[in-house]
Amino acid sequence: MKKNIATAAVAVIAAVTFLVPALTASLSAAGRDYISIVGSSTVYPFATVVAEQFGKTTNFKTPKIESTGSGGGLKLFCSGIGIEHPDITNASRRIKKSEVENCAKNGVTDITEIKIGYDGIVIANSRKADIMKVSRKDLFLALAKDIPMGKEGELVPNPNKTWKDVNTSLPDIKIEVLGPPPTSGTRDAFAELGLEGGCKEFEWIRTMKKKDSKNYKAICHAVREDGAYVEAGENDVLIVRKLEANPDAFGVFGFSFLDQNADRVQGSIVDGVEPTFENIADGKYPVSRPLYFYVKKAHVGMIPGMKEFLSEFTSEKAWGEEGYLVDKGLIPMLEEEKKKFLEDGASLKNLSM
Amino acid sequence: MNRTGLQTKESNARLNLIKAGLKKRYFKERVFRFFGMVAILTALAMLAILFVSITGKGYTAFEQTFVRLDITFDTEMIDPENTGAKDVHSKGDYGGIVKKSLRQMFPDVKDRRQKRDLYSLASSGAAFQLRKMVLSDPSIIGTTQTIWVPTDDDVDMLMKGHIKVESGVSGRIKPYKLEWIHSLKDRGALEKRFNRALFTSGDSREPELAGIWGAVVGSLYTMMVTLLLSFPLGVATAVYLEEFAPQNMWTDIIEVNINNLAAVPSIVFGLLGLAVFLNFFGLPRSAPMVGGLVLSLMTLPTIIIASRASLKSVPPSIREGALGVGASKMQAVTHHVLPLAMPGMLTGTIIGMARALGETAPLLMIGMVAFIVDIPTGIFDIATVLPVQIYLWADSPERAFVERTSAAIIMLLAFLLLMNAAAVVLRNKFEKRW
């Protein structure tokens with residue numbers, strides 16, 4: 001009995017040492033029978049629904065979806081061709097030129113780009129408070145790190161303490177905005193579409209865009225760090241709960257969270273447009289962004305079900321105006337755009353920048 | 001007489017001195033005990049708050065609202081040509097059947113938008129439930145049956161009071177939909193039942209269909225690999241270092257390194273796993289095998305340190321006695337020292353395993369933080385683990401996932417409790433023998 005312990009230990013160690021390489025060898029030969037998807041956490045809720053439907057209604061296995069962020073996903077996607085690399089990556093922004101080059105360097109030359117729809121970014125507060133009407137300029141003046149004051153070309157650290165300081169028509173409450181941290185794609189999009197939109201209204205900054213784009217970006221995208229903008233982590237559920245507890249605070253998150261929590265929070269009107277489903281779909285609401293996924297063409301045919309998954313994602317019952325993705329908060333594209341990407345998906349058209 | 005008188009005087013003085021200090025000593029003792037009690041009570045209160053808040057939020061998830069539907073398994077919609085083939089049956093329009101049944105319940109609904117809202121009363125899983133019924137028993141085609149199907153998560157949340165309704169208006173649910181729900185309730189067609197899906201299904205994006213079983217199985221496989229790797233290796237390392245290895249600079253270096261590794265943040269092990277197991281050895285992503293390998297790297301130092309400590313606590317007389325009756329060094333260790341040290345080693349292993357069970361950070365790097373629906377069937381299948389499932393649910397926009405997150409936490413705690421209980425039982429068994 002006592003001896004057995006030692007013998008068993010030796011046996012297990014031996015087994016593990018010899019078995020692992022053997023199993024590895026057999027596995028890489030066997031291939032992979034499920035689709036591997038990585039990428040944006042914004043697209044994740046939509047891609048997962050499609051994957052689930054796909055797994056339940058076809059004979060293929062349910063695809064595996066990792067939420068790695070847009071940048072992380074593209075990095076994995078571009079790391080090469082072969083079953084150990086993902087087949088599809090989701091992105092809440094368009095692929096960058098540098099990423100296409102990186103892909104090509106690793107042999108991933110043929111990529112198909114599919115836009116799936118739009119996502120609105122809302123500035124919301126508790127239903128207990130009044131609906132706020134802001135312009136993008138107000139947002140910039142309230143949340144930017146440095147803002148222009150009086151003289152052209154001169155920036156001062158943001159002195160605004162209350163919304164009234166920003167714009168006299170706004171209420172006299174302390175600026176307190178809960179939002180995602182800099183690692184988040186939502187934050188990037190908010191800075192680019194919301195803050196930059198307001199930033200551009202200053203003539204001298206706009207002219208800077210062409211001459212000194214780096215500095216331009218630094219001015220327009222920098223968010224203040226003196227406590228008025230609170231980084232609330234990636235968890236939007238938490239932001240909604242905090243807004244409920246504090247009616248004076250505002251939160252920045254995706255439209256789907258507003259949609260799901262419509263009994264607790266309300267979206268602020270930005271530039272006179274309410275963040276409703278219709279307004280985002282029409283492109284009237286200014287703070288919205290397209291969502292994409294990218295397909296590795298070399299894997300079509302190598303991994304079973306790729307084409308079928310593509311056609312499920314681009315079908316009317318998924319991304320159509322009454323599709324199940326819309327139920328989850330996706331804002332669908334207009335007919336022509338849908339048609340274009342449906343064709344791109346069917347013919348696996350190569351990405352052109 | 002004089003002498004004894006002096007002695008009593010002296011001892012009296014001493015006694016008085018002791019007595020004078022006694023009060024102070026008792027007081028100090030009481031204060032010390034009081035602080036000890038305060039510490040324990042604070043810890044218990046925290047634990048109670050945790051349990052109360054989690055079970056308070058999570059217990060509702062063990063129930064799910066079901067709606068009663070009169071379903072006509074229309075031959076036209078399942079198998080119009082009456083082929084009787086399974087392939088045809090599996091492609092039937094079951095969603096359409098559910099919709100038709102809902103339309104029959106509310107014949108007045110004509111508007112297209114309202115119809116959509118009507119269809120969303122029942123879960124999208126209802127169609128799959130019907131399909132399963134037909135596939136397992138094709139004879140029900142053509143009959144009408146009364147079936148309870150899960151409702152959509154919105155209805156479920158409303159029934160459980162998680163969606164605010166103020167004077168008949170809710171931001172989330174339209175007034176006419178509220179009316180339908182009330183009418184269903186009045187007809188007795190809505191009922192809360194035990195949520196079996198929560199225990200038997202894999203992950204899903206529909207809260208009413210989502211379950212924890214896939215993650216539980218994934219956790220079991222991962223823990224199995226971790227245990228099989230780290231326990232024998234850890235014990236062997238500890239025995240060698242403690243009983244056989246010479247005391248020199250090299251063993252000192254090894255010891256310092258092991259102690260250091262025990263304090264390394266777990267994400268570092270994840271990065272190591274990514275570089276070594278995935279990129280170098282080419283093991284598959286998201287597999288419990290790799291998760292187990294990474295987690296055993298993490299638990300090894302804990303096991304080694306605990307095992308060495310328990311070997312050290314075996315009195316030298318045991319070793320000397322064994323050697324004295326002619327046992328070899330190895331016999332002394334395997335027959336006498338190791339069994340005596342085993343309870344302590346097991347405790348260390350369980351502590352290490354419990355930490356590994358709650359770990360998500362290293363698994364992020366090797367792709368185990370993923371949406372996986374199918375239940376894993378082996379250590380090379382794609383899988384996720386319990387804490388990852390909790391994290392993924394906590395981050396989902398659907399309201400119904402809030403209570404399900406708490407329910408998953410309850411189950412993780414139950415899992416931990418089970419493991420620790422098993423450890424205590426095992427340890428006692430070993431202890432009794434010696």
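Guide: A residue counts as buried if 20 or more other C-beta atoms lie within 10 Å of its own, as exposed if 12 or fewer do, and as partly exposed in between, with C-beta atoms placed from the backbone. This is a predicted model, in which local features need pLDDT of at least 70 and side-chain atom pairs count only at pLDDT 80 or more, while totals for chains, interfaces and linings use all residues. Residues are numbered from 1 along each chain as its sequence is written, and chains are lettered from A and ligands numbered from 1 in the order in which they are written.

Visitor: How many C-beta neighbours does A:Asp271 have inside 10 Å, and how does it count?

Guide: A:Asp271 has 17 such neighbours inside 10 Å and therefore counts as partly exposed. Its phi is near 50°, a positive value in a residue other than glycine. Helices (H or I, at least four residues) and strands (E, at least two) are DSSP runs numbered from the N terminus; in these terms, A:Asp271 lies in the loop between strand 12 (269-270) and helix 12 (277-282) of chain A.

Visitor: Into which domains is chain A divided?

Guide: Domain bounds come from an automatic or database domain assignment. Chain A has domain 1 (1-25), domain 2 (26-118 + 290-347) and domain 3 (120-289). The centres of domain 2 and domain 3 of chain A, taken over C-alpha atoms, are 30 Å apart. Residues are in contact if their C-beta atoms, placed from the backbone, lie within 7 Å; each of these two domains of chain A brings 13 residues to the contact.

Visitor: What is the radius of gyration of chain B, and what does the globule rule give?

Guide: The radius is taken over C-alpha atoms, and the rule is 2.2 Å times the number of residues to the power 0.38. Chain B has 18 helices and four strands. Its radius of gyration is 32 Å, well over the 22 Å that the rule gives for 434 residues, so chain B is more spread out than a compact globule. The C-alpha trace of chain B spans about 115 × 60 × 40 Å along its principal axes, and 39% of the 434 residues count as buried.

Visitor: What is the mean pLDDT of chain B?

Guide: pLDDT is the predictor's confidence in each residue, from 0 to 100. Its mean over chain B is 88, and 97% of the residues reach 70 or more. Among the elements of chain B, helix 3 (residues 86-90) has the lowest mean, 80, and helix 10 (residues 213-244) the highest, 94. For the complex, the predictor gives an ipTM of 0.77 and a pTM of 0.81.

Visitor: How many residues of chain A are in contact with chain B?

Guide: The size of an interface is often given as the accessible area lost when the parts come together. Here the contact can be described by residues: 37 of chain A touch 39 of chain B. Helix 1 of chain A gives the most to its side, eleven residues.

Visitor: Which strands of chain A and chain B are joined by bridges?

Guide: Two strands pair if DSSP finds at least two bridges between them. Two bridges join strand 2 of chain A to strand 4 (residues 370-371) of chain B, and these strands run antiparallel. In strand 4 of chain B, B:Phe371 is the bridge partner of A:Ile65.
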